[in-house]
Amino acid sequence: MKILLPPPLESPPPEQSFWQNFLLLLGNQLRVSWNKLRHRPVGALMGMAGLLIGAIAIIASLGIYAYGSLKALSPNTVQGFLSMLFMVGLGAQIFFGITGAFVALYMSDDLELLFMAPVPIKAVFAVKSLVIIGSNFLTVVLFAFLPGLFCGLLFKAGVSFYILVLLVGLGLWAIGTAIAELINLLVMRIIPPHRSKEAIGFIGALAGIIIAISFQLPNMLINSRNKFDIGSWLEQQKQMLSVMKFFPWGWGSSALVAGVSQNFLGGLAWSLLILLVGILLFLVAFNLVEKGFRRGFISLSQGERGKRRKAQAEEGSGKLQKAPSLAFLMQDVVSPSSPWLGMWAVAKKDLLSMKRDTREWFGYLVPLIIMLFFVGQFLFSSVKTSGSTLMTVLIMYTIMFSGNMALQSFGREGESDWLLNSVPLAGWPVVWGKLLAAILPTLVLMEALLVGTALAIGVSKTLIIALVVGAVFLALGSSSIGLFYSINNCRYNPDTPQQRIAPGASLFMYLINLFFILLLALGLTYLFLPSELVFALRDLPAVTYEGGLRSGLFYGIYLLSRPLLWSTAWRVFLGVIVTGGIWAAMFFGFMAATVRQSRKGFRVEIIAGRKKRSR
Amino acid sequence: MESVLIKTHGLTKRYGAVPVVKGLDLEVKSGEIFGFLGPNGAGKTTTIKMLTGLLDPSEGEALICNYDISKQPTQAKSLMAYVPDQPKLYGKLSAREFLYLISALYRVPKNVVKERAEQLLNLFGLQERADELLEGYSHGMRQKVVLASALIHQPKVILLDEPTVGLDPGSARLLKDVLQEMARQGAAVFVSTHILEIAERMCHRVGILKDGSLIAQGSPEELRQKVGHEGESLEDIFLELTGGHENAELIKSLGEG
């Protein structure tokens, strides 16, 4: 085939204005966003709509509550309230703005391409800044524009007041985004490029916890309606509120209060001040970010940093370089080492991966938060839960958590699944290695939680020891179930590397775990006799099988309940047999099935976007 | 007359106090294919990033078609194309949309964009999947999209970083033919590669970078004369100059043992 190429250009094409380049890049950004939305699964869109409805409901309920509380207050108290809201809003803008800036600048794949194009770098950053500003839109609506609007409605302000709301809102928006960009500049410097996805996962998880807590606010407010009154609380905080006047959030509230007090010019001065500060800060941030990228202060792509290179250079110069030798390649064949070492190597690999990926840590934070919630409720709530209920919840959680952690095991291999399939370790060394890695951190955490909680609520020492031993067996059993479902249903999505299992398989694992608990509970009932049940059983008339499923079911339960009336020795003996038998059958059964699958080979399904990628 | 299209003078990049590229002086003329070789970590990618304006040099200057990349970046970039080793593209754009975007960025006249995009899609065998999102493309397919986008604005200078990685033999051959045709038409081609066979067969001149310094440059024949082992391959010369010959000796000794 003859290649027909147009001849190279002799001179550059005519230049475009900044505005033309900006519009071109903005158009491209909008096209990318539109394509992203268009190719999103329907389920995800429905989820987003659900979240939006939930958020609107919360905003509405909080708004109505605050609006009702402020009706009877003076403009000065309202000023304090607005200052508080603006301050919280600015904090939220900075937090979410850092995430937005990190994604738009550091994790963006197009910067290299755009820097190469004959467009001014300032135009590129102008569009990127717009994206970051956009990421703060919802926050600024919630914490600046809506409070201003409510304030205007509350004091029946004129149209000119809303000009002040607009200026203050824009000023706060610019300040929040600029500070977020500046902090992000440092974050980008600290976090090496290859850990950027990890960092964003970490920030995202933190944001998730904050959002989850804030979703509890309406409930908390409803519960404490009789005890907490915003108005009187604000009246007591006069000193703190007066300090706020020295900060932008205080200027914003001063502007709006001047606006509702018919002092439009005073309000305009405050709002222009806040807007000017916002613009100034934004320009500083914009220029620093642009210079940071251009001068290599922030790396565009993965690579070693100067510091690391220096360390390596020093290391190299300090030591005598040993002449390389390939003699080992000609050695006689040596006998292979014990497979136990292989098992430990698999476990160590997983443990190191968990230690070095901060996103993994959040998985272990969940039980901590849940424990805090239950212990807090037990110690401080007016609705008292019993100690045994609390311990039951924790044991149940130990089982579910262990299963869930084991469920992540094989998906963790990601695109490296070929490795464990190609090494001569398939079978029990791989599976037991995976079990060890899944169970070690889980056990350390859950045992600490169980013992800590048991001590906090005053459980006897004997019971604590029983709980500790029991938790080991429960976690082992549950983890074996998790491993079996993991090896058969593991998947990996480079965009969401923490989702490592098919949702259906996850559900099945939980159901099987529940069944496991149910069967274990039977054996444990024989061991630890529930006196109320025995009392009831003594009065129960004899049940006979009269045909049919229902009668069969009742008769079965009746037969199972009979050993509760046996002598202690026989009952305990049966309890040990049943509990041990069920545990052993489940644990060794699932482990054997997982080992069998490991010998056959496992495959991590790669999910890219909506499409499954086959390899 | 052959004009110099890529010129660097004392080009230096330091990260903190650590120099990564040290006072690089090189010239690539119109119609020339220049091979840029060096072991891993020698500073090749940093040099290319400075030539493309992705990094500001700590010292020295880089000129593309006589435009200083730091002072007149827009003019320099509009005459240049860059093909990175890792093609990072907009996953949510189709190949056709991507080519249209690049055309707009490089100010290609609107009346020729469509025709040229179709020609390039056809040339690289992308036409059938041109409307699919790039996120579903394999590495090789993405590389072809980048190559097509690098040609759409008729660059006078093209810089390529490991361009054949991920390409099938047919596409690699096509790339070589395209680059030779570009050079024939008067463009300057700057290729960074580890595949010395490509450099030997395709490049008019090569430069060898080691620890940030250009330790040799010239045609493969000139380098042979410099090393003093005539008749040796470029691989042998490269290993001799970069110190990699120790490994070659080691491997040789295995056979003898």
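**Entry 1: chain A overall.** I started with the secondary structure of chain A, which amounts to 24 helices and three strands. I kept in mind throughout that this is a predicted model. Of the 615 residues in chain A, 31% are buried. I then turned to contacts in chain A between residues at least 6 apart in sequence, and found that 86% of them join residues at least 24 apart.

**Entry 2: chain B overall.** Buried residues account for 49% of its 257 residues. For chain B contacts between residues at least 6 apart in sequence, 68% link residues at least 24 apart.

**Entry 3: the nonpolar cores.** Which residues have the most contacts inside the largest nonpolar core? I found B:Ile64, B:Ala148, B:Val157 and B:Val189, in a core of 151 residues. The element that gives the most to this core is helix H3 of chain A (residues 75–106), with 16 residues. I followed up B:Val189: leaving aside residues up to four places away in sequence, it touches B:Ile33, B:Phe34, B:Ile158, B:Leu179, B:Met182 and B:Ala183. There is also a second, separate core of 45 residues, and A:Val346, A:Met405, A:Phe516 and A:Val604 are among its members.

**Entry 4: a helix pair in chain A.** I looked at helix H19 (residues 428–456) and helix H24 (residues 568–600) of chain A, which pack at about 125° with their axes 8 Å apart. That angle makes H19(A) oblique to H24(A). I noted the crossing of the two as right-handed. On the H19(A) side I listed A:Trp428, A:Val430 and A:Val431, which meet A:Met591, A:Thr594, A:Val595 and A:Ser598 in H24(A).

**Entry 5: A:Trp340.** I found A:Trp340 in helix H15 (residues 339–356) of chain A. Is A:Trp340 buried or exposed? I put it down as exposed, because it has 11 C-beta neighbours inside 10 Å and 12 or fewer is the cut-off. I also checked A:Trp340 against A:Pro429: the two are 89 residues apart in sequence, yet their C-alpha atoms are 6.6 Å apart in space.

**Entry 6: a helix pair in chain B.** Helix H3 (residues 95–105) and helix H4 (residues 110–123) of chain B pack at about 130°, with 10 Å between their axes. I logged H3(B) as oblique to H4(B) because of that angle. Their crossing is right-handed. From H3(B), the residues B:Ala95, B:Arg96, B:Leu99, B:Tyr100 and B:Ser103 meet B:Val113, B:Ala117, B:Leu120 and B:Leu121 of H4(B). I sorted this contact into seven nonpolar residues, one polar and one charged.

**Entry 7: positive phi.** A:Gln262 has a positive phi near 65° and sits in the loop between helix H12 (248–260) and helix H13 (264–294) of chain A. I marked A:Gln262 as exposed, since it has 12 C-beta neighbours inside 10 Å. B:Gln154 also has a positive phi, of about 50°. I located B:Gln154 in the loop between helix H5 (139–151) and strand E7 (157–161) of chain B. B:Gln154 is buried, because 21 other C-beta atoms lie within 10 Å.

Notes:
Residues numbered from 1 in each chain as written. Chains lettered and ligands numbered in written order. Predicted model: local features only at pLDDT ≥ 70, side-chain atom pairs only at ≥ 80, totals over all residues. Axes fitted to C-alpha atoms, helices over the stretch in contact; angles between N-to-C directions. Helix = DSSP H or I, 4+ residues; strand = E, 2+ residues; numbered from the N terminus. Parallel < 35°, antiparallel > 145°, perpendicular 65-115°, else oblique. Left-handed = near helix turned anticlockwise from the far one by under 90°. Contact = placed C-beta atoms within 7 Å. Nonpolar A, V, L, I, M, F, W, Y, C, P; charged D, E, K, R; others polar. Core = buried A, V, L, I, M, F, W, Y, C linked by C-beta atoms within 7 Å. Buried ≥ 20, exposed ≤ 12 C-beta atoms within 10 Å, placed from the backbone.
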